[in-house]
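Colleague: I'd like a close look at a single part of this one, please. Could you pick a strand and walk me through its surroundings?

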Amino acid sequence: MSEHSQMERDQARAIPLNQIQNELLALLDQTDETGVADAVDLLISQGAYHGCSDIHLEPWADYFSLRYRIDGILHQCAFIPKEFQPKINARIKVLADLVVYRKDVPQDGRIDFEKTTCGRPLRVSTVPTIKGEKTVIRLLGDTVELYTLETLGFQPPVIQTLQDVITRTSGALMLTGPSSSGKTTTIYALLRELMSLQKNTTNIVTIEDPVEYTMDRISQIQTNPHVDFTFATALRAILRQDPEVIMVGEIRDLETARMAIRAGLTGHFVISTIHSGTSAGVFTRLLDMGIEPFLVASSVTAVLAQRLVRLNCPDCLEVYTPDPGMRARFISDKKKRKFYQGSGCESCNGIGFRGRATIGELFTVDQEIAELILEEPTTSQLEEMAVTKGMETMAEDGLSKALKGITTLGELMRVLPSVLD
């Protein structure tokens, strides 16, 4: 199905968030057997239409709750009578090829795009709770080609530096940030950029858990811990496959970290993710894991830290005065400045925000910083040196977007609490 026809179908069935409950109940109250199936189709298609990343179906004391995670925030959409809980869960399990009668163990499955009303593949996870099974549906997709470093919100100087970094013949680029901060989307945009810059002449191999987007002309590998096919074992295997660029979905342990770092020293360019609060914190995290300082200093070329902030809805944008204490966290002077926020309208379902963009900081390693890493410095020492060399922090990047009316100071406080402490 074409993108245009899919959009037309979703728009034809568009239902405001505050009316989804009534539509669902009307379908569930049908006497024929298609009511539950139609209700499941509806809650999935509406989740896709409203741009949600995850659909949460959770048993509460009196209701079966439906919530959509839109732009990183959960929104309550429906309270479904408890009697429909097992029927809805069973329908989703059938679509995801899960064992319907097993309600006492977690299960993970996938629904191919051909089986969905939204035309997108879905990842399904069920877990038993004391009130029954909770189901979370992650909406995946094959529209990664729509994302570029520019559309993700990175500043032009950062994009230019990233383009230089990813075209090097060796080294490692690390991405860091909390869960659901857009790291995977950024990596796919980087791979897309790399394929464009290299005219598809580069052998790119990825190791992922799971493969969320499929890309042509790239060898994508999905790990399978049930048969001991982990990041480390997959990385060991593909090093014999003559790769030039290796993407490791996540560095979770010392073995994977050491292999990835060493690969960056032996004629491969490695892109991976690792959890840390800031870009400078990645270096101390690697050192704490047991990676030798000379390996970190020699292999890690750059670190990109990022967060996702919600964007003001352009259809209801208005001037507002932020809390003085919040303003003081970001701005020390007393100059008069205008700040904007969305007031809520039909276009954004009364939320005031629509869409998300990245705020980030890019820490690049030069000779002076490499020598400092050899001394096993603290995170603050590394960050201080990077800032003196011109690195724009995430807080500074976020403030520039707030001053342009793209987002709000409240959003920055929501996603950057540890950075501002």
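Modeller: Let's take β8: Ile204, Thr206 and Glu208 point one way from this strand, Val205 and Ile207 point the other way, and all are buried (under 20% relative accessible area with a 1.4 Å probe, protein chains only; exposed is over 50%, and partly exposed lies in between). Since 5 of the 5 residues of β8 are buried, the strand is largely enclosed by the rest of the structure. Strands here are DSSP runs of E with at least two residues, helices are runs of H or I with at least four, and both are numbered from the N terminus.

Before going on, this is a predicted model, so local features need pLDDT of at least 70 and side-chain atom pairs pLDDT 80 or more, while totals for chains, interfaces and linings use all residues. Residues count from 1 along each chain as its sequence is written, and side-chain values use heavy atoms, without hydrogens or water.

Now the neighbours. β8 pairs with β10 in the parallel sense over 4 bridges, and with β9 in the parallel sense over 4 bridges too (pairing takes at least two DSSP bridges). Look at isoleucine 207: its bridge partner in β10 is valine 248, and in β9 it is isoleucine 221.

Then there's helix α7, whose buried residues are Phe231, Ala232, Ala234, Leu235 and Ile238. They cover an arc of only 165 degrees around the axis, so they sit on the same side of α7 (the arc is taken from the directions from the helix axis to the C-beta atoms). Those residues pack against β8, β9, β10 and α8, where contact means heavy atoms within 4.5 Å.
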